[in-house]
Amino acid sequence: MATSLTSINGASQILLPMPKPKPKPTQTKAQLSQESPLQSPNTLQTSRRTSIGLSVAILFNQATSRSLLAEEENNGFWLTGPLPVPSASNDIANKQTGTRTFIKKGVYIPNIGVDGSKYRLRMCAFDLLALGDMLSQDTWNYFRKYLCLKSTTMYFDFDKVITAASDDQKQPLLDLANKLFDNVEKLEDAAKQKKAEAAKAFYADTEVLLKDVMTRMQKPEPVG
């Protein structure tokens, strides 16, 4: 009986049809082009044109920038070389030290002409007149930095204005500049030492001189 069952099972395995293998799906041309790492000649030509266009644009931009800088050279606003070191030719330095303690190095002061220097002197004096509110223990460093920065600009602007002044105006301007800068040095030292009472006293004297600067540097109104 076991033998007959075995033979029947074997026969059934022989008679049953074998499953057919499924055919592989065919790929379309679009799929083949996407999977292919090779680029078509049209694509390569477009890439070359794009690279050439970018190179031409960069070269044109560099040439334009150089021509603009050449046109703007020595106009007082653009720096085309090392940072210029300003100097003063008039007698406004401290007689003992030959300089001023408040002068900051590395400050670029554009040459904006005599009228521009007068205007900048007036604006710096106006800014320093608002500095009295910073005379406190918490703001000594800010007070000194701001005082020195504005006073440095005023120092070299005063030199230009004095140089261009008429003979009858030179001495009064020299006296005003020296009085102002003498007071600024005392004020800066008091702020450095954090002496509140001395700083307030020197600032009160400096205020009077700053107002005088604003009056002297006013642009005269046209007559008639």
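# Notebook: a chain of helices

**Entry 1: the overall plan.** I read the elements from the N terminus on, and they run α-α-α-α-α-α-α. My tally of the secondary structure came to 7 helices and 0 strands. I must keep in mind that this is a predicted model.

**Entry 2: how confident is the prediction?** I checked the pLDDT next. The chain has a mean pLDDT of 77, and 62% of its residues reach 70 or more. Where does the pLDDT stay under 50 with 0 contacts beyond four places in sequence? I found this over residues 1-16. A further stretch, residues 32-38, has pLDDT below 50 as well, and there the model shows 2 contacts beyond near neighbours in sequence. I will read both stretches with care.

**Entry 3: α4 against α5.** Before starting on pairs, I reminded myself that two packed helices are described by the angle between their axes and the distance between the axes. Helix α4 covers residues 113-129, and it packs with α5 at an angle of about 150 degrees, the axes being 9 Å apart. An angle over 145 degrees counts as roughly antiparallel, so I can call α4 and α5 roughly antiparallel to each other. Their crossing is left-handed.

I then listed who meets whom. On the α4 side I noted V114, S117, K118, R120, L121, C124, A125, D127 and L128. On the α5 side I noted Y146, L147, K150, S151, T153, M154, D157, F158, K160, V161 and A164. Sorted by class, the residues of this contact divide into 11 nonpolar, 3 polar and 6 charged.

**Entry 4: α5 against α6.** By class, I found 19 nonpolar, 2 polar and 4 charged residues in the contact of α5 with α6.

**Entry 5: α6 against α7.** Helix α7 spans residues 196-216, and α6 packs with it at an angle of about 150 degrees, with their axes 9 Å apart. I therefore wrote down α6 and α7 as roughly antiparallel to each other. The crossing in which α6 passes α7 is left-handed. From α6, the contact is made by P172, L173, L176, K179, L180, N183, V184, K186, L187 and A190. From α7, I found A198, A199, F202, Y203, D205, T206, L209, L210, D212, V213 and R216. The classes here are 14 nonpolar, 2 polar and 5 charged residues.

**Entry 6: a closer look at F158.** I picked F158, which lies in helix α5. Is F158 buried or exposed? I found a relative accessible area of 0%, so F158 is buried. Which residues does F158 touch, not counting those up to four places away in sequence? My list is L121, L173, L176, A177, L180, F181, V213 and M217.

Entry 7: Y146 is found in helix α5. Its relative accessibility is 31%, so I recorded Y146 as partly exposed. Leaving aside neighbours within four places in sequence, Y146 is in contact with D127, L128 and L131. For Y146 and D127 I looked up the separation: 19 residues in sequence and 9.4 Å in space, C-alpha to C-alpha.

**Entry 8: N94, in a loop.** N94 is found in the loop between α3 (41-71) and α4. Buried means under 20% relative accessible area, so N94, at 18%, counts as buried. Apart from neighbours within four places in sequence, N94 is in contact with T99, R100 and E185.

Conventions. Residues are numbered from 1 along each chain as its sequence is written. This is a predicted model: local features need pLDDT of at least 70, side-chain atom pairs count only at pLDDT 80 or more; totals for chains, interfaces and linings use all residues. Side-chain values use heavy atoms; hydrogens and water are left out. Ala, Val, Leu, Ile, Met, Phe, Trp, Tyr, Cys and Pro count as nonpolar, Asp, Glu, Lys and Arg as charged, and the others, Gly among them, as polar. Helices (H or I, at least four residues) and strands (E, at least two) are DSSP runs, numbered from the N terminus. Buried means under 20% relative accessible area, exposed over 50%, partly exposed in between (1.4 Å probe, protein chains only). Contact means heavy atoms within 4.5 Å. pLDDT is the predictor's confidence in each residue, from 0 to 100. Axes are lines fitted to C-alpha atoms, for helices over the stretch in contact, and angles run from 0 to 180 degrees between N-to-C directions. Angles under 35 degrees count as roughly parallel, over 145 as roughly antiparallel, 65 to 115 as roughly perpendicular and the rest as oblique. A crossing is left-handed if the near helix is turned anticlockwise from the far one by less than a right angle, and right-handed if clockwise.
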